[in-house]
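Hello,

Here is the structure I promised to pass on. My notes follow below it.

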Amino acid sequence: MPTTSLLEAFHTLLDDRVPERTALLTEQLQGADPAMRYDAIRMARDLISQWRGDHTGLVVLLAGCFLPEDAYTCASVAEALGSLGPVSEPAREALASYIEATRASHGPHVWASPDRLVRRAHQEAVRALARLGEMRALPSVLTGLDEATDAWRAVQVAGHLSGAAGDLTPRLSKLLAEVDFADPSQSMSAGALVSALGQLAGPMDARALTSAVTATVCHKQWHMAVSALNALASLGPAAACALEVVRPLADAQDISVRAAATAALGELEGDAGRVVPRLVELLESHRHHEVAYVLGRIGPAAAPALPRLRKMLTADHVWTRVHAAAALWDIGGDADAPIVLETLLAAWAENDSTSNHVLACLSRMGPAARPALPRIREELTLLRRSGRFRSITNDEELQAACRSITPGF
């Protein structure tokens, strides 16, 4: 413990000197003292979470801490790797090997092992590998969905395995059908199931999601109803069987449900332009962010929304301005490019959490976004992570967007 405190103080003192801290962590992770190595796992995760750079070496060293005889440390390593998002890619093979080894030594149902440490280590490794979209995580995810033990942990990562939608959606649909929407305590598990089905986006999901919409509306679980409607919308015309349920909700009392249902109608009917007048009306509501996004997806056919969107560029709330500017570009194009660019860059300067949304629009603008080049280059010089919530995944996407947009200029 004294050594750990000293090393933590040293890392705090080094602050943004990432190469020096990486060198220190390299020694810690390769040290002979198991306790020091264990503490280094957390310290390495914290460094990678907060600072940019090439962390391949540290991730490889973290993966080297998978020791089958030490489930306690393996669980910590797997949990750390799972939190690193795409940066954990160099550990893919180590994660797969560990999962295979635990299934071989503890049996195919190790996900539900009575040994708490073995179960936790295996589950964390499976979840980390699934987040990489790796199909070798699938057997254990299916076991988790089929058994009562910690099924919710498998649900949380199932949506990343899009290549196995045929195996996953029937199981997820079954679990969703068993949710008691009258019980608010089940809303989190229901939300995870709806999210996973939305990510997998297969026609087989439509019936389960439609039933979920009906049940959530019946019990006035408006937030969940919106999530289910959004998931249905992602299926497009393949979910046309849900139209009888969705159409009446376009006039729902709850404004959030009304907005989501209206947007879903456009997707399910395959003629998004037909819902533009309703969406323009909804721009006056507090759900204008989502409505602006939907209008932007419709594109030029949503031209009647342009006057209202231009007014929204002067709103006090920065997110309102960002969503309005992005929709303005997607609908109006070059004619509104100068004011769109000005609004986006001002929003980015005011709140860097908007950066992912700003870069996504700048990427769509192409050469029209050339004046943003200095700010884009500046972003790539920053050491600390940025992006929405300063999460690793959002920051990595932000950096990738910055790098991909500059050659186009």
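Is D150 buried, partly exposed or exposed? D150 counts as partly exposed, at 23% relative accessibility. Buried means under 20% relative accessible area, exposed means over 50%, and partly exposed is in between (1.4 Å probe, protein chains only).

Some ground rules. This is a predicted model, where local features need pLDDT of at least 70, side-chain atom pairs count only at pLDDT 80 or more, and totals for chains, interfaces and linings use all residues. Residues are numbered from 1 along each chain as its sequence is written, and side-chain values use heavy atoms, with hydrogens and water left out.

Backbone. Most residues other than glycine have a negative phi. D150 has a positive phi of about 55 degrees. D150 sits in the loop between helix 8 (138-146) and helix 9 (151-158). Helices here are DSSP runs (H or I, at least four residues), numbered from the N terminus. D15 also has a positive phi, near 50 degrees. Its place is the loop between helix 1 (2-14) and helix 2 (18-29). D15 is partly exposed, with a relative accessible area of 37%.

Aromatic pairs. The count comes to 2. Rings of Phe, Tyr and Trp (its six-membered ring) pair if their centres lie within 6.5 Å; planes under 30 degrees apart count as stacked, over 60 as edge-to-face and the rest as tilted. Y38 and Y72 are stacked, 5.0 Å centre to centre with 15 degrees between the planes. Y38 lies in helix 3 (residues 34-50) and Y72 in helix 5 (residues 71-83), so this pair ties together parts that are 34 residues apart in sequence. Y38 is partly exposed at 25%, and Y72 is partly exposed at 43%. F66 and Y98 form a stacked pair, with ring centres 5.0 Å apart and planes at 20 degrees. F66 lies in the loop between helix 4 (56-63) and helix 5, and Y98 in helix 6 (residues 92-106), so the pair ties together parts that are 32 residues apart in sequence. F66 is buried at 11% relative accessibility. Y98 is buried at 5%.

Charge over a ring. The charged end of R375 sits over the ring of W348, 4.0 Å from its centre. The test is NZ of Lys or CZ of Arg within 6 Å of the ring centre and within 35 degrees of the ring normal.

Pockets. A pocket is an open set of points on a 1 Å grid over the protein atoms alone, with protein on both sides within 12 Å along at least five of seven lines; lining residues have an atom within 4 Å of a point. A volume is the space filled by probe spheres set on the points, which are joined across faces, edges and corners. The largest pocket has a volume of about 620 Å³. Of its 23 lining residues, the closest to the centre are N230, A233, Y293, V294 and R297. Helix 11 (187-200), helix 13 (222-235), helix 15 (255-269) and helix 17 (288-298) each give two or more residues to that lining. The second largest pocket holds about 320 Å³. It has 15 lining residues, and A151, W152, V155, L175 and E178 are the closest to its centre.

Cavity. On that grid, a cavity is a set of points where a 1.4 Å probe fits but cannot get out. The search finds 1 cavity of 30 Å³ or more. The largest cavity has about 40 Å³ of space. Its lining includes V179, F181 and M224.

Best wishes
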